[in-house]
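These are my notes from one sitting with a structure. I went from whole chains to single residues.

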Amino acid sequence: MTAFTEVRTPRRGFVVPIPKPRWMRGRATLIVGVLLVLAMVVACVGAPLWTSSSPTAIDPAHRLLPVFSPGHLLGTDDFGRDVLSRILYGGRLDLAIAFGATAVTLVVGTAFGLCAGHIRGKTGAIMMRIVDLFFAFPFVVLVIAIITILGSSLLNLFIALWAVSWVNYARISHGQALSSNNYGYVVASKALGFSHLRIMLRHQLPSVLPGVIIFAMVDAVGNVLLAAALGFLGLGIPPPNPEWGSMISDGQNFIFSDWSLAIMPGIALVVLGLGLSLIGDGLSDLLRPQS
Amino acid sequence: MYLARMAVRRVVQLLPILFGITLVSFFLLRLIPGDPVRQILGSHYTPDLAGPVRKSLGLDLPVWEQYWDFLRSALTGGLGHSYFYNQPVSGLIGQRIGATLSLIILSALFTAALSIPLGMVSGMRRGGAVDQSTRVFLLIGFAVPSFLLGIVLLLVFAVKVPVFPVSGYGDGLVEHLSHLFLPAVTLAIPFSTVLVRSLRSSVIDILDSDFVTTARLKGISGWQVAIRHVLRNGIVAVITVFGVNLAFLVGGTVIVEKVFAIPGIGTLLVDSVSNRDYPVVQALTLLFAVFVVAVNLLTDVVHVGLDPRLAADAR
């Protein structure tokens with residue numbers, strides 16, 4: 001039995017942090033990450049302030065204009081729609097997924113894992129078996145299957161992401177909650193007869209949170225990329241609403257004539273992903289000071 | 001002998017998971033809101049047409065009998081009938097699974113070729129130039145979505161400098177390989193970020209261990225220690241991490257196949273979603289999950305086989 005648990009533990013293996021170049025030390029990564037994400041949020045939320053073109057207005061007279069055309073900074077697509085405004089308005093959706101999908105799964109998954117780790121015994125084991133079951137399916141496949149059933153819409157995209165990615169948080173918080181059961185202050189609070197809820201929230205949650213929060217940044221990147229991938233596959237929100245993934249997919253048709261149609265929304269996606277990763281990286285330095 | 005016993009015990013442990021997988025994929029079709037038959041037939045729906053479809057799906061039976069039928073036919077390789085292609089799903093999968101498996105194997109090889117040297121060097125020379133650039137590579141490799149990476153590679157190596165074909169799968173082994181080259185690289189880059197990270201930390205752990213010190217004291221040269229002692233132990237960790245993250249690679253093939261228009265089961269899955277071909281989606285969900293579980297089992301067995309200490313511990 002021990003051998004198998006040992007075989008399985010490296011799932012959340014201990015990772016020795018890589019020493020950073022000087023420019024990345026201190027809080028630099030965190031600050032750069034926050035700035036990138038903030039810039040993205042300001043640009044997308046304030047889209048009507050920066051561009052007067054509508055993201056869905058079709059203009060057959062100005063199809064496939066190149067980058068830096070007058071009036072269309074990033075050119076237009078095959079329907080004559082302004083690429084810049086499509087990126088900015090489309091980003092609202094990707095940002096909503098980064099925060100909306102992640103926030104819900106973080107709370108639900110952490111609560112589930114914390115409970116399972118606190119209860120232990122048969123019930124806890126069964127709870128974690130359910131989590132294991134989800135891990136057997138490739139996430140992309142499961143999300144696609146759920147969207148197939150429900151049909152593609154923004155709400156169903158959220159539902160599919162919520163239904164699938166909470167299990168990561170459950171596994172992380174379960175591991176930490178399990179070991180925190182043996183911490184002196186948790187044993188003491190049990191001996192004092194505190195309620196289960198109080199022990200979990202006041203005493204076990206604080207030790208669970210750092211790992212969960214660091215992972216949340218990784219997960220936000222994952223959610224954005226997954227949502228964009230679904231858009232790319234044509235399973236995201238239905239057209240003509242702009243979304244980065246579907247823009248990249250549309251742009252791929254013009255890869256021989258105008259590659260910027262596929263690459264521009266891609267750059268936006270990478271900037272957002274990089275910003276979130278940098279925040280996660282910076283947070284892990286802050287929250288795990290011993291490294 | 002010990003390995004065989006362990007494998008059997010592990011399979012028994014997996015039974016509840018396998019049961020759960022069949023349950024999930026079975027209920028996928030039953031969870032369609034409203035009448036599944038109406039959804040499948042769409043605008044072709046007439047009560048006359050609905051009867052036979054309902055019967056062939058077994059939807060007129062009680063739910064437990066339906067599940068029993070589903071399980072029984074899945075065990076004998078029957079995966080239902082595709083409405084869109086009008087042929088058995090197992091046949092559809094049989095025609096396409098070769099391309100997907102080749103892609104997975106090729107990208108696993110590329111991943112090894114990329115992550116073993118990077119992980120080794122950055123672990124052995126901590127903080128050195130390779131280590132520093134690896135960190136940047138990891139950060140970027142994680143933030144770039146695979147489909148975008150695929151398009152960029154396509155743009156550079158198939159459009160601007162036409163070294164590789166743009167899409168498709170070709171005929172014959174050589175053509176297959178040249179068609180699969182870019183897709184496999186596309187999958188290998190994000191996947192190797194995971195492996196590099198873990199190989200690097202296990203190399204650092206191993207460098208601290210007594211047998212490495214002993215080997216050094218015997219006067220064995222640095223790189224010989226690296227290959228004979230550090231790498232051999234490091235690989236064991238990599239294999240485990242590989243198995244655990246395999247689902248990530250398999251999920252990636254679904255997207256990358258679509259980018260490069262490879263006729264594999266990932267493309268079949270995506271097409272079936274738009275065709276509302278529910279039996280295919282159901283069968284593929286089952287197949288992907290069973291594949292992931294099977295490879296996980298295999299990596300566990302290989303792990304214990306490679307690391308006699310684990311076998312000794314368990315005895």
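**Entry 1: what I am reading.** I noted at the start that this is a predicted model. Local features are taken only where pLDDT is at least 70.

**Entry 2: chain A.** I counted the elements of chain A and got eleven helices and zero strands. Chain A has 291 residues, and 47% of them are buried. I then looked at how far apart in sequence its contacts reach. Of the contacts in chain A between residues at least 6 apart, 72% join residues at least 24 apart.

**Entry 3: chain B.** The secondary structure of chain B comes to 14 helices and two strands. I put its C-alpha trace on its principal axes and read spans of about 85 × 60 × 35 Å. Buried residues are 42% of the 315 in chain B. For contacts in chain B with a separation of 6 or more, residues 24 or more positions apart account for 72%.

**Entry 4: helix α1 of chain B.** This helix covers residues 2–30, which is 29 residues. From its first C-alpha to its last it reaches 43 Å, close to the 42 Å expected at 1.5 Å a residue. I looked for a bend and found a kink of about 40 degrees at Leu15(B), shortly before the proline Pro16(B). Which residues of α1(B) are buried? They are Met6(B), Ile21(B), Val24(B), Ser25(B) and Leu29(B). I traced what these buried residues pack against: α5 (121–136) of chain A, together with α2 (36–41) and α13 of chain B.

**Entry 5: α12 against α13 in chain B.** I took helix α12 (residues 265–274) and helix α13 (residues 278–306) of chain B as a pair. Their axes come within 8 Å and cross at roughly 140 degrees. The crossing of α12(B) and α13(B) is left-handed. From α12(B), the residues in contact are Ile265(B), Leu268(B), Leu269(B), Ser272(B) and Val273(B). They meet Val280(B), Val281(B) and Leu284(B) in α13(B). By class, this contact has seven nonpolar residues, one polar and no charged.

**Entry 6: positive phi.** I searched for positive phi in residues other than glycine. Arg120(A) has a phi of about 55 degrees and is not a glycine. Arg120(A) is in the loop between α4 (83–119) and α5 of chain A. Asn86(B) is in the loop between β1 (81–82) and β2 (87–88) of chain B. With 7 other C-beta atoms within 10 Å, Asn86(B) is exposed.

Definitions and conventions: Residues are numbered from 1 along each chain as its sequence is written. Chains are lettered from A and ligands numbered from 1 in the order in which they are written. This is a predicted model: local features need pLDDT of at least 70, side-chain atom pairs count only at pLDDT 80 or more; totals for chains, interfaces and linings use all residues. Axes are lines fitted to C-alpha atoms, for helices over the stretch in contact, and angles run from 0 to 180 degrees between N-to-C directions. Helices (H or I, at least four residues) and strands (E, at least two) are DSSP runs, numbered from the N terminus. A crossing is left-handed if the near helix is turned anticlockwise from the far one by less than a right angle, and right-handed if clockwise. Two residues are in contact if their C-beta atoms, placed from the backbone, lie within 7 Å. Ala, Val, Leu, Ile, Met, Phe, Trp, Tyr, Cys and Pro count as nonpolar, Asp, Glu, Lys and Arg as charged, and the others, Gly among them, as polar. The expected span of a helix is 1.5 Å times one less than its number of residues. The bend at a residue is the angle between axes fitted to the seven residues ending there and the seven starting there. A residue is buried if 20 or more other C-beta atoms lie within 10 Å of its own, exposed if 12 or fewer, and partly exposed in between; C-beta atoms are placed from the backbone.
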